[in-house]
Amino acid sequence: MDFLFQRSYRGELKLAVFDWAGTTVDYGCLAPAGAFVELFKRHGVEATVAQARGPMGMHKRDHIRTMIQLPDLAEQWKAKHGAAHTEDDVEALFQEFIPLQLDALPAFAKIIPGVVETAKDLRARGMKLGGTTGYNREMMEICMAAAKKAGYEPDASVPGSEVPAGRPAPWMAVKVAMELGIYPPQAIVKIGDTVTDVQEGLNGGMWTVAVVKTGYEIGLSEAEVNALPADELARRMAAAGEKLAQAGAHYVIDGVADLPPVIDAINTRLKAGDRP
Ligand SMILES: [Mg+2]
């Protein structure tokens, strides 16, 4: 055969799937790290904030396993408990983490500036809004309640605890799309603040947008960001943006407030036959 006929989606974006912490609530994604440091401290293991922040965006059980496997923490655990950690220890730590995280969450679940306005803009275009998170449902619902009060309420939201595998697997974003009846994946954009957020979207065949200033990679509260010298902030943002771009993000922006022009740009590319 001399010709191959290929189908090409030329419609507009129909769905935006937003991450929660560091993207739509919890400026700087500060809630989880504090809780992980406290969890390990309770078991005689001194973890740094940097060690606690390492694998963020994963399911929290995987996050704990990754932390406890760090040579420094594995050694501290062995010294304190007289034996290397086991998978049972990981599970016990995860069970203990849930209430600890729940206590810490409400204080951090504040809406990020610009999210409500962007949500309104996207809805005016006829788009649906979704959410995904490494949190379990109970934690996610604390974020959802705070966001709803502030005026942001996605149409569907799926936590890591309700899919066979969390990020980097695409199942949460795919489940959101399924619940809302939206396809093809080229009509979906995933927005998040971590490398695993980007991977979730790419693995689902979706467009991906990374937010830098409000997210985990910078890891500072809004007040701390505003207090940073301009050149230092620019240096950190460039490094974080580079990391997320190299993970494959199609666009890197400061925060969700800057999303609407990116939606326009993607729609223009779709119309021209481009795909993620
Ligand atoms: Mg996040």
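Which residues point one way from β5, and which the other way? I looked this up in a predicted model. W207, V209 and V211 point one way, T208 and A210 the other, and all are buried.

**Entry: β5.** I checked burial along the strand. Five of the five residues of β5 are buried, so the strand is largely enclosed by the rest of the structure.

**Entry: partners of β5.** I then looked at both neighbours. β5 pairs with β4 in the parallel sense over four bridges, and T208 is the bridge partner of K190. Three bridges join β5 to β6, again running parallel; there A210 has V252 of β6 as its bridge partner.

**Entry: the whole sheet.** I traced the strand order as β3-β2-β1-β4-β5-β6, an open sheet of six strands with parallel pairing. β3 (156-159) and β6 (251-253) stand at the edges with a single partner strand each, so one side of each has no neighbour in the sheet. From one strand to the next the twist averages 20 degrees.

**Entry: β1 and β4.** I found four bridges between β1 (residues 15-19) and β4 (residues 188-192), in the parallel sense. L15 has I188 in β4 as its bridge partner.

**Entry: α9.** I followed the chain through β4, α9 and β5, which make a right-handed β-α-β unit. Eight of the nine residues of α9 (residues 195-203) are buried, so this helix is largely enclosed by the rest of the structure. Among the buried ones I noted D197, Q199 and E200. Their cover includes β1, β2 (128-133), α8 (171-180), β4, β5 (207-211) and α11 (230-246). Just after α9, G205 takes a positive phi of about 75 degrees.

Notes. Residues numbered from 1 in each chain as written. Predicted model: local features only at pLDDT ≥ 70, side-chain atom pairs only at ≥ 80, totals over all residues. Pairing = 2+ DSSP bridges. Helix = DSSP H or I, 4+ residues; strand = E, 2+ residues; numbered from the N terminus. Axes fitted to C-alpha atoms, helices over the stretch in contact; angles between N-to-C directions. Buried ≥ 20, exposed ≤ 12 C-beta atoms within 10 Å, placed from the backbone. Contact = placed C-beta atoms within 7 Å. Right-handed = clockwise from strand over helix to strand, strands pointing away.
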